[in-house]
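Please look through the sequence and the model shown here before reading on. The briefing that follows goes from the overall build to single residues.

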Amino acid sequence: MTNLAIAANGLRKSYGDKTVLDGIDLAVPEGTVFALLGPNGAGKTTAVKILSTLISPDPASGDIRVGGHDLATKAQAVRAAIGVTGQFSAVDGLITGEENMLLMADLHHLPKSEGRRVTAELLERFDLTDAAKKPASTYSGGMKRRLDIAMTLVGNPRIIFLDEPTTGLDPRARHNMWGIIRELVTDGVTVFLTTQYLDEADELADRIAVLNDGKIAAEGSAEELKRLIPGGHIRLRFTDPDAYQNAALALNEAHRDDEALALQIPSAGSQRELRTILDRLDTAGIDADELTVHTPDLDDVFFALTTANVPAQPNQPKENVR
Ligand SMILES: Nc1ncnc2c1ncn2[C@@H]1O[C@H](COP(=O)(O)OP(=O)(O)OP(=O)(O)O)[C@@H](O)[C@H]1O
Ligand SMILES: [Mg+2]
């Protein structure tokens, strides 16, 4: 059996009478990437803060272990094993990027020379060497984000929590960050991340959990989650309103989008289904201006699972599920 870097049973947290986490279970094997998805306010940051000892779970929670240590009784040991990059920056703007890093090295009790070596290496890795001697307040949002994560790595943690690590990064910086996260995992580090970007979870995570309404609405690999929900469809778009109306009559089971002059037919996108649709259009003498085949992606999963009180309904195009 693989060891679990994070194991939580019945994790609960309420603020007053508002239940944020209503007893969630988490099991993250060592050396893997786990992504926690959920709409704004779902409780992602709350989960990260609890698991990284910044706030306490409700006493009614079950056993929670991080790095093999009991969160309730061995918080100090947990802190020694982890690194945390919060959703909001921990960078001190008044001092330089390098000084921020050296401060972290001091906090981790690294000897001075070791602190300098690690700082130089990480600044280089995060493309911050040129800016190292400038006050962090002069950095762009993306540079601050990179410095934030570099600071997290100073203590060489075995488990890292990244709360929306790529929010605000440009596409190149995002891809760099993904590369860095993959490298960390290759070295055996466990990564627990939250993200609003479904492609990020799809790209990085071994397992993904979707948090909604205080509970884990679904959990699995990206592929497993995509299989959970329907959402595949063929979409036909028209520029001529008459052609659109005629096509809507010929394909009377299609879902209409009158504004976009588009029709959607639930379908797994097989060759046979496509041919049938095209034959029916041909028979009616209609040409579509655009035909696209849509297979479910993590966006569909997200919308299907997190739209309040609207369960995913089989064979409905995703616009209805949203
Ligand atoms: N200290 C607090 N006191 C009261 N309510 C809080 C506190 N911290 C968080 N909450 C509430 O808990 C809920 C979950 O917040 P949390 O920050 O964990 O969400 P999130 O999933 O990280 O959202 P986002 O995607 O916006 O970052 C929200 O309704 C928030 O208002
Ligand atoms: Mg958050």
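Which residues surround ligand 1? Ligand 1 is surrounded by Tyr15, Val20, Gly38, Asn40, Gly41, Ala42, Gly43, Lys44, Thr45, Thr46 and Gln87, where a residue is near a molecule if its C-beta atom, placed from the backbone, lies within 6 Å of it. This is a predicted model, in which local features need pLDDT of at least 70 and side-chain atom pairs count only at pLDDT 80 or more, while totals for chains, interfaces and linings use all residues. Residues are numbered from 1 along each chain as its sequence is written, and chains are lettered from A and ligands numbered from 1 in the order in which they are written.

**The chain as a whole**

- The protein chain has 12 helices and 14 strands, which are DSSP runs (helices are H or I with at least four residues, strands are E with at least two) numbered from the N terminus.
- Taken along the principal axes, the C-alpha atoms of the chain fill a box of roughly 80 × 50 × 40 Å.
- Of the 322 residues in the chain, 40% are buried, a term for residues with 20 or more other C-beta atoms within 10 Å of their own, the C-beta atoms being placed from the backbone.
- Among contacts between residues at least 6 apart in sequence, 68% join residues at least 24 apart, and two residues are in contact if their C-beta atoms, placed from the backbone, lie within 7 Å.

**Two domains**

- The domain assignment, which is automatic or from a database, gives domain 1 (4-220) and domain 2 (228-321).
- The centres of domain 1 and domain 2, taken over C-alpha atoms, are separated by 40 Å, and the contact takes 10 residues from domain 1 and seven residues from domain 2.
- On the side of domain 1 that touches domain 2, helix 7 (198-204), strand 9 (207-212) and strand 10 (215-220) each supply at least two residues, and the largest share, three residues, comes from helix 7.

**The shell around ligand 1**

- Helix 1 (residues 44-51) gives the most to this shell, with three residues.
- By class, the shell has three nonpolar, seven polar and one charged residues; Ala, Val, Leu, Ile, Met, Phe, Trp, Tyr, Cys and Pro count as nonpolar, Asp, Glu, Lys and Arg as charged, and the others, Gly among them, as polar.

**A pair of strands**

- Strand 1 (residues 4-15) and strand 2 (residues 18-29) run antiparallel and are joined by nine bridges, two strands being paired if DSSP finds at least two bridges between them.
- Alanine 8 has leucine 26 in strand 2 as its bridge partner.
- The hairpin of strand 1 and strand 2 has two residues between the strands, and glycine 16 takes a positive phi near 60 degrees there.

**Nonpolar cores**

- The largest nonpolar core has 53 residues, a core being a set of buried Ala, Val, Leu, Ile, Met, Phe, Trp, Tyr and Cys residues joined through C-beta atoms within 7 Å.
- This core draws at least three residues from each of domain 1 and domain 2, and Ala35 is among the residues with the most contacts inside it.
- Not counting residues up to four places away in sequence, alanine 35 touches Leu193, Thr195, Ala201, Leu204, Ala205 and Ile208.
- A second, separate core of 19 residues includes Val118, Leu122, Ala150 and Met151.

**Leucine 147**

- Leucine 147, in helix 5 (residues 141-153), counts as buried because it has 27 C-beta neighbours inside 10 Å.
- Leaving aside neighbours within four places in sequence, leucine 147 is in contact with Val91, Gly97, Asn100, Leu128, Ala136 and Tyr139.

Key:
A residue is buried if 20 or more other C-beta atoms lie within 10 Å of its own, exposed if 12 or fewer, and partly exposed in between; C-beta atoms are placed from the backbone.
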